Each structure stands twice: as C-alpha cells, then as structure tokens.
Amino acid sequence: MHQARAALPKLIHAAADGTPTPLARDTDHAVLTTPHAAATLGWDLTRAAVHGIADARKKLGDLIHHAAQGHPQVLRRHTTPVAVLLPATPDGTPHPAPEAPHPPTGAPKAPTNPTTAPAPSPSATPADDTSTTLPPHALHPQPTPPAPPATPTGTTTPTPTAPTPAPSTPVAPPAAAAGTIPTPAAPPTDVPGTEVDASAAPTAPAQPPTAPATPDAAPPTTAAAAPHPALAPAGDTGSPGPAALQDTPQAGTPLPPTVTPATPTPTAPRAPRRLAPLSQALDTVLTSTPTPRGLPTGIPTLDHALGGLQPGRFYLIAADPGTGGSLIATNAARTTALTHHHPVLYAASGLTRADIAARIVAAHLPVDYRRLRTGQLTPTEHTDVTNLHHQLTTAAPLYIDDGTDLTPAAINETATDLPGLALVVVDRLQTADDPHLPLSGPRLLDAAQHLAHLARTHHLPVLAALDTTHPDLTTALGLDVTLTLTPDPDTTNHLRLTITERDLGTQTTLTLYADRAHARLTDPAQFDPYAGNRDLTTTHYAATPHPAPKAPTTPVPEAPHPPTKAPEAPTNTTAAPDPSAWPPVAVPGHPTPAPAATAAAPYPASEPAASELTAAAPGDPVQPAQTPPEPAPASSPAPTAPIANSAPQAAPATAPRRTARPSGTTSNGGYAGRDYSHFTSQITRAVDQTLTEHGGDVEAATEALVKKAVPNAMALFEETRVGSNYEHTVYPELLEFLRKKTKDGADQIWEGRHNWTNTALLDQLGAGTLDPLTVDALDTNASFLSAFKTYLPIGTLQHDPTGGFDPKRSGIYLLTQRPTWHHPHLPDPIGNRHEPGPVLLTDATIRLLIRCARYGLCDEPVIAECWTSGASEGLLEKFRRVLTESRTTALEREAAGYTDGTVTVEYIKAMYSKFTSTMGESNANLEIRRPEWMHIIRSQAFANLWYKAYKAHENGLTIVRARGTDELHVTGGEWRKIQGQEGGVFEEGRLTTHMKLKNRYTLPRKTAA
C-alpha cells in the first residue's frame, strides 16, 4: 500500500491502459481499475464516494478498506472519474456487483430524501480534491437504459436515483438508509478531517425544510454557503474522509434540475458543537510563568515578541529573495529538533535536502557556510562537523521532504504519519508559477488555507516562508501571523522584522542581525572586545570590586568626592565593567547608552581613572565618575591605584584624565570636523578596563588587547558601516587565482612589494667617483592604516575577458606583459618582480601605473582581462578616521607620560594590521572573506611609499632604497619641513601624514644591506 501511495498517478494511468492493479491492506483486498470496467461488472458508481487523486493518496489505506467491504471508491482528476477501487480476491480478481443492489425499499423513501439533503446542480460539484458524490451524467461510461431497476432515469416520478444522498450519507434517518447498499455508518475514526464536520454541521439547517416549493433555488444557496477552505479544506490537502464530508448538505449528491422534491422530513440529528466556557478558554491564555508557551525560534527577541510558536497557528514569513526569510525557518527547525529534541517536518519546496542540512549545520556548530558547501572546511571545522554528524544520526528528529510533488495534501499526510510532531516548516511558497512546484503561483492561496487548516486540526504551529513582501499577497496569505522581513536602511547586516496579526494589525518591529557567514539570524550583536576570551564574567568581576579611593591616599580631590557621597558610588551610574563585553553601544533604532559624562562633549573636562571604576550590580551601564582623581603612581602602597605611572611624574596626582584634544580637530571635536567620539570612547574604555583587570601591567594589558584585535576590529568596522550607501559582500565566490595553493603558500596575485636599491648610486660610490654620503632611513607611520583609503570592490568580482580599465570599478587585472621601466633612480612601481610573462595586479597597482604613464615615466598598462566590481573609496574611510583619531589622541597621552596612551597605540596598530592580514583565507577571522581587499590594501601601501619616493625625488633628494611599505632611504638634502624655513619635503612626527627618522648611516660601508 505504501508503494502504491507514491505511485498512485502511474497506477491510474496503467488502469486506463487496461492494466488493473491489485492493492492490499492487511486482510483487505481491492483492485484499481477503470469506471468502465466497474460498470461492466454491474457496479453502480452513482452512489460511490468520489475522491481527488491527491486526497486519495493520503487515505489510500482507508479507501482500500471501504472498497473491500463492498463500497466502490471513485478517483477523479478534476471532475472526471478516472479510476475506481473495487473489492477483489487476494489474487486481484474483482468481485462482481451483488444481485439487486438497490431493493425496492428505496422507492418509498424517495419523496423524503430530496429535501433532507437538497442536491445542487451538476455545476456545483466540487472541482477540488475533496470527497463528494457525482451525478449520474458525470460518470463515463454511464449505465445504459436497460440496466437494473435501481438505475433508470426519470423526470417526473421518483426513481432510485433520487434517494442516492440518503443511503450514501449517515445524516439521513436510520429508516431512510434501511435496505440500501451498505455504507459506513459513521466516519472512520482513522480518517483525518472528521473534526471539521462539526464546524460544517450548522449549515445543514440552512436548507429550510418548510420550503419544498423552491427546490431550484436551494442548490445555489448551498453552494454559496460552502465553508471557507481554511475550515473545510479543498484542493489536494488533508481533506475530510469520504463519510465526514457527507455529513453536510454541501457534500450531497446533486440532483437533475427536473426532479420534483417531495414532502420534507425532519433533519437528522447532528453532533453537538464543542463549546468551551470562558474560564476554560482563559486557562490557555493566562499562565503563572513568564516563559514562552510555544516552541522557540532560536531568536530570543522574536520568541519574546511572539511568546514562541503557538500550537494551532499559521506563521507566514514574508521576505524578498536574498533577505533571509528562510533563515528564520531553519532557525526554528534547528532549535526545535536539535536543541529541544522535538520532531520537526521540514517541507522543502524548491530547495534540496543538502541545502537545508548545510544551513542547519553551519548555524548550529557554527562553521563557515561557504566553506562547508564547497568542501573547504578547516581541520577543526571538519572534526566538528563529523562529530555532529555522528550525534545527529540517532538523536535529531528532523525530517526533510524535498520531493517534487510536494502538495499540502502530501504535507498533511506526512504530518499524520509522524508521531509526536511538534512543528511543520514549509520552505518556501514561491510567487512565480512553476508547474513542477505545487506550492507556487496561483495555487498559493489554497496552499496557505490548507496549511492553516493543518495547524488547527493537528494542533501544532506551521511556519511557512514566502519569497515576497508584496502587501496584497501577504495580506491574502497571512491567515494568522505574518512576519515581514526587510533590510534595515540604516545598517548593513541588520534586518527589520515586523510582526502583524491578521485582525489586530502591526504588533511590533524588531531588529535582527544577519549572520550570513553562518546562515543564521540572531539578535543584534553587541560591540564586544572580549569575543572569544570570556574567561571572566560580570558576576565574577563584580564579586571582587576595587575599593573606592580613600581620603588619605588622595587628599586633594576631597571636594569633588565628599565623604557623604562615597556610599553612593554605585548609584552614580559607575558600575563594574563587564570584562566579557564592550561597554554598551547603540543598537540601530535605539538610544545610545553612552555614559552621561561623555555625552556632553567628545572630550570631557575630566574622565575617570581605571581604578575609579567601582563595581555595581550586573547589568548597570559602565559610566565614569564625575570628577575622579588621578590614580597614584605605582610606588604608592594604596591598592586603589592599579595603573602604574598613569600620570607624568611632574604632574600632580590629581591631574584630570583624558583632557587632551587631538590636534587638528575642530571646536566640535572629531576628525576633519566629524564627531567620532562615540567610536573612539569605546576604544578608550576598553583600554582602561583591560589595564584595570591586569593591575596596571602595561605589557599584560597590551598582550590581552592584541589577542582580541581581530574580533574587535571587525566589530568596529561593522559599526562604522551603519548608514553607509553600499552593502558590501562578505563572502563572495572565491576565484581560483585567489586561492592558496598550499596551507602556508600564496595565491597568484602580485602586490607590488618594494625591495629596491639604487644600484647605479652604489656602483659610483664603490668606484670612488662620489664622495661618501650621509643617508637618512625614514619610516612611514601606520602605512596600512593610511592604505585603507583606496578603491575596493563592493560586490562579487565579475570577469570581463576584453580587459580594459574603468575608474568606477576595482578588482584584479591580468597583464600579458609588464610595462618597461627605464628609470634607475626611481623604484619600479611594480616592485621587485623579475619574472617575465603575464602578471595579475591589483587595482591600486594599476592606478599607480596609469599615474606613472601620465607623468611620462612608462607606457600605460595593457589589460588583457579583468575581474572587477563596482568600487568605492569610502568603504573603510570612516573606520580609518576613527582609528586615526584614536591613535592621535593616544600619541598625545603617551607623550604626556600616560601609560594608557602606550597601550592604546599598540592596540590600534594590532587592529588595523590584523584586520588587513586576516580578511583573506585566515582562520583568525571568519566574519569576512575578501582576499582581493587584502591584496588591494597592501598594494596601496606599496603605492603610497612609491608616491613619497617620487615626491622626494621631485624635490631634489636622491632615493637610495625603498623597502616594504614603510621604509624610504634618502640623501642629498634636508627632508624635514621646518616651520618658518623654506625647503624640506615631509613633516617629522608620528602622525599618519608624517615621516620619522629611523636611522642615519654613511655610504659606502661594508655592512650596508
């Protein structure tokens, strides 16, 4: 039987071709044949129950049982009968119809039966896959006139055709059914959908028994009063059993219009309605516990807003393609099955089981989704996946159905077969019509109604994803709760989820974070400098707070801290910092939880020392005291000053902290007139907290911050991208030439690294034709940070086999041969590459070559092919400005003798350098995979060094060496710009626009490198 259920359409075609199929269920035997063969055997099919093919597949076992009991079951396609199940012997031989199947006792009942269940016209016959009864003229072939007396046709006198509704339905009085062909006396208990008849029963009195004179008007009234598909499912969903739908007048057999109804008889008693008193209904709403009563989705804010996925409700996720609607579905399925071990049915329409499995595994471990799908997992990730596979083999009650013929009926059938089923996920409802996908196109409305009916009858939540946010369609399909997912216009990786109830409208709007690297949606991520290093917790830290400064230790600042205020330190919003998270930051669309002392101005008049951060209850915001004293030097025995040498020796111990303003800032603060204090203060507080945790140990604090530089830099980068005009691609398809050939090897991109020496000058010095020279070795400050200002591709690189250069695009370029360089006194812009033949160069190097061509130094590069995307020079600009401003402030504090300045400088250096080096194929950074960005930034750093060398050369200096990204050796004049004097090329200092003297030596020398 189970094999027949899947192959039922093929078996029907085989029967039509003359090959009947015997079917069996336990001791019941039937044969699937054609209506013509049944009529030849004498079976009268006018009274037989009729089922749609999809509905028949769901309850094939019941139909075999009924057929074996002598009740033929007709299967139809649309409105045309195509097959019939007849009783048969174990070898498949069909039984002929019994003699005189319609005794004369049916005739006396003819006058009463038509009004008991008025029959609609033939046109009112349901056209969906629900159980019903067909009129005689709808069967093919029809019985011929000389058939037994039970099937003659008549127009004015009662015939055996008229009482057909009575013997085939149990709603007629027992006397009306006497002597007729045996039919089930009640709906089979194992036929799904029998509960629906109670809701349909009230429509029976809609046929007035006192109006027999208007029989022609009754049928259309009955058809118009048909229940909504959500209550009486139609189409190929879980429809009621053959007897269940016959409980209602709507499912009665239509009569020919010429039949004259007789005197009505009393309506048969119906099943009582299920009534619940209000007190009982309140029990399902009011609970004593605040925990969600439904299934969790795996997203806490969504669970809080919904109260979990409630049984009996239909949830529609409306999201445009690429937004992440399916990720909510996989989140809920994963959490329910893998975390809470409840059975889940995942109906994948248009997706494969591999798609679903990969998303669930990537989100659950988590591992990188793209590497999982491409088979490039790291050894650690591969071990994790293997272990999870062994665990899920026996312990994951998640069942994926990705069959092509996935209809609501098939979903309902499978749901019935799974014991203890807790959740049904349908992914997805497709708006574009696809003949191979039943859950698509114009069939969506029926599908949504049937799925809502499934939720009610099986008392479980049904979660369906729809690939559009069109308001008309979501309104029509959103029968209970609609979750509309749209991109957040204010940030890159955040989404807005609007929850709407059908009768109450919009309830709330949430903000979710799209973690596409791991194929999941989460709550908005906090800016966390301690990601991956959660060895301390808020509770642990608050348990050992630093004591407040005592009066004898700092006698001068008694005024701002009177003794009466000491016990109120925790209430002054000065809480213990959470060593496992960044200080609170703004979530898009919500107020910024910034400290009150720093809200008035980006550089307050005074800020707290690290030792002034007193512990408070967990969850209180980290805020500085209003006017705290400067901590004492390390030599002080007081335990309240853990930061060693935090103030210069010449300054008093009460010197206020962080009063310096970066040079070049406006009166409003910030870089170039922009206020970035929100971002820079996060770095400041992180440094202070880390110094506090390590007792003022500069080396230990620096080491701890450097370890967290990668996740902190990524978090800061994402936050600076909020409100940007472009949404960059995080994990594009990786091109072959961007892949490393070995684990520790390199890819095929040439970055233009310099290792150039002025050999002509050295030859002259070696020959004695030149006097010895004094050479200044200059060093560029923060070369990679300055290189953040470069054109980066926004999206996935697209191949152009015709080559060419578009200044509005950026990427990788193939040159069949490198431009010739004939200037021995200047470094080659391509660097120290000596290999001939084709070379792959980055956008930064190509722009440098084009600039050199404009200077007349070389020919323009001939680009054979290119892989580019639309570009922007501002992708990292805000990130660069924030780090530059923080670095400038830290240098000023370091020069003033504050140890936090030294720690901050090293911390920022680790952030921008590791950010650059790990955005390629590095396990240290799994949040982004853009190796072409890494190459372009490095190439830009090399190009910037070349521009400095050219500037020095144009100002009369001689270039001796150029190495890496930051080393330039010059001679032949003064390179410093001195205020009030002419000449000079570079300003001396430690800012990003300055150069500093690294070393000075004389040539020739034997030890020259």
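Okay, one definition before we start: two strands count as paired if DSSP finds at least two bridges between them. Helices (H or I, at least four residues) and strands (E, at least two) are DSSP runs, numbered from the N terminus.

Keep in mind that this is a predicted model, where local features need pLDDT of at least 70 and side-chain atom pairs count only at pLDDT 80 or more, while totals for chains, interfaces and linings use all residues. Residues are numbered from 1 along each chain as its sequence is written, and side-chain values use heavy atoms, with hydrogens and water left out.

So, the overview. The protein chain has 30 helices and 25 strands. Of its 1009 residues, 52% are buried; buried means under 20% relative accessible area, exposed over 50%, and partly exposed in between, with a 1.4 Å probe and protein chains only. A contact here means heavy atoms within 4.5 Å. Taking contacts between residues at least 6 apart in sequence, 74% join residues at least 24 apart.

Now to the sheet I'd like to walk you through. It is an open sheet of nine strands with mixed pairing, and the order is E8-E7-E9-E10-E6-E11-E12-E13-E14. Strand E8 (398-401) and strand E14 (520-522) are the edges, each pairing on one side only. On average, neighbouring strands are turned by 25 degrees against each other, direction ignored. For angles in general, axes are lines fitted to C-alpha atoms, for helices over the stretch in contact, and the angles run from 0 to 180 degrees between N-to-C directions.

Let's go to strand E10, residues 462-466. How many of its five residues are buried? Five of the five, so E10 is largely enclosed by the rest of the structure. In a regular strand the side chains alternate between the two faces of the sheet. In E10 both faces are covered: Val-462, Ala-464 and Leu-466 are buried on one side, and Leu-463 and Ala-465 on the other.

Who are the neighbours of E10? Strand E6 (residues 314-319) pairs with E10 in the parallel sense over five bridges, and Phe-314 stands opposite Val-462. Strand E9 (residues 423-429) also runs parallel to E10, joined by five bridges, with Leu-429 opposite Leu-466. To get from E9 to E10, the chain goes through helix H18 (residues 444-458), and this β-α-β crossover is right-handed. That means that, with the strands pointing away from the viewer, the path from the first strand over the helix to the second runs clockwise.

Next, strand E7. Five of the five residues of E7 are buried, so this strand too is largely enclosed by the rest of the structure. Val-344, Tyr-346 and Ala-348 point one way, Leu-345 and Ala-347 the other. E7 (residues 344-348) pairs with E9 in the parallel sense over five bridges, and there Leu-345 stands opposite Val-424, while the bridge partner of Ala-347 is Val-426. Helix H14 (residues 353-364) packs on the sheet, touching E7, E8, E9 and E14, and its direction makes about 145 degrees with that of E8. Helix H17 (residues 408-417) packs on the sheet as well, touching E7, E8 and E9, at about 160 degrees to the direction of E7. E7 and E8 pair in the parallel sense over four bridges, and Tyr-346 has Ile-400 as its bridge partner in E8.

Phi of His-341 is near 60 degrees, a positive value in a residue other than glycine, and His-341 is partly exposed, with a relative accessible area of 49%. Then there's a cis peptide bond joining Leu-365 and Pro-366, with omega about -10 degrees; Pro-366 is in the loop between H14 and helix H15 (369-374).

One more stop: Asp-490, in the loop between strand E11 (481-487) and strand E12 (494-501). Is Asp-490 buried or partly exposed? Partly exposed, with a relative accessible area of 36%. Its C-alpha atom is 4.3 Å from that of Gly-723, 233 residues apart along the chain. Leaving out residues up to four places away in sequence, Asp-490 touches Arg-496, Val-722 and Gly-723.

That's my tour, thanks.
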